[in-house]
Amino acid sequence: MRRKTLVAGNWKMYKLSAAARELAAAIRQGLGSEQRVDVAICPPFPWLTAVAEVLRGSPIAVGAQNVYPGNEGAFTGEVNSAMLLDAGCKYVIVGHSERRHVIGEKDQFLNDKAKAALQAGLHVIFCVGEKLEERDANKTEAVLDNQLTWGLKDVPAAHAPRLVIAYEPVWAIGSGRNATPEQAQQAHVFIRWRFSQLFGNEAAEKLVIQYGGSVKPDNAASLLSQPDVDGALVGGASLQADSFLKIIRAAVV
Ligand code: PGA
């Protein structure tokens with residue numbers, strides 16, 4: 001089946017407010033009325049509402065880069081799903097490798113985040129991916145299996161349609177060394193198979209699986225041409241309208 005491609009820009013901890021607004025406006029302008037690809041932008045927390053404002057009435061969705069799995073309460077510095085929805089978000093990224101390996105978030109916490117965000121009505125871009133030493137030790141599938149099993153534990157099947165999985169091999173993120181289209185395809189097939197065990201065949205067939213890790217204008221088309229690569233989660237190349245728009249265009253078939 002043909003799944004609709006989702007290209008999302010993860011701005012990470014880049015851009016001040018004026019630059020964030022300008023970038024969002026330039027992407028809006030460049031995209032025009034293109035609706036064959038779903039597009040989302042994930043700016044830093046402080047600019048969510050400003051970017052949502054710039055994008056209002058456009059086909060571009062807003063996503064957050066993090067969420068805390070609580071209702072309101074005394075959690076200094078945290079932001080919950082209701083606040084993200086109120087700020088105009090449709091998506092939230094959970095389990096990004098920088099949160100797993102730099103900030104130190106564990107499967108249980110990521111599972112709590114995913115469940116809470118889905119429960120609140122957000123779409124969750126759940127990231128999985130192996131480190132280089134794990135790939136070299138032939139542990140890629142075992143790592144993906146673990147991350148999916150524990151990260152998605154007890155997610156109700158009714159919420160599966162609002163899940164997106166991003167396969168992001170840690171060694172490919174920000175390194176300029178993307179996975180080959182074949183490596184991506186192989187990992188995506190495994191992820192879809194594991195997802196079908198968790199949520200059934202129909203949900204797995206519909207699941208959008210993004211590839212992320214050094215996606216650039218010159219490698220986007222070959223990655224996205226793989227049958228199980230349904231989109232891209234883009235870091236560095238999403239920080240300029242021109243390169244992000246080229247990646248989106250590469251996704252239009
Ligand atoms: P990159 O980042 O495109 O800069 O490699 C991807 C990501 O971290 O989502």
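Aspartate 230 is buried in this predicted model, with a relative accessible area of 4%. Since buried means under 20% relative accessible area, the value of 4% places aspartate 230 in that class. The residue is found in a loop, the one that runs between helix α10 (217-224) and strand β8 (231-234).

What does the side chain of aspartate 230 join in a polar contact? The partner is the side chain of arginine 3, and the contact spans 2.9 Å.

Attention can now turn to the ligand. It is surrounded by 13 residues, and the closest are Lys12, His96, Glu168, Gly174 and Ser214.

For histidine 96, a polar side-chain atom lies 2.6 Å from a ligand oxygen. For glutamate 168, a polar side-chain atom lies 2.7 Å from an oxygen atom of the ligand. Glycine 236 takes part through its backbone, where a polar atom is 2.8 Å from an oxygen atom of the ligand. On its own, the ligand has 280 Å² of accessible area, and the protein covers 97% of it.

Conventions
Residues numbered from 1 in each chain as written. Predicted model: local features only at pLDDT ≥ 70, side-chain atom pairs only at ≥ 80, totals over all residues. Heavy atoms only, no water. Near = heavy atom within 4 Å. Polar contact = N/O pair within 3.5 Å; in protein donor to acceptor, adjacent residues only side chain to side chain. Areas by Shrake-Rupley, 256 points an atom, 1.4 Å probe, with all protein chains shown as cover. Helix = DSSP H or I, 4+ residues; strand = E, 2+ residues; numbered from the N terminus. Buried < 20%, exposed > 50% of the residue type's maximum accessible area, 1.4 Å probe, protein only.
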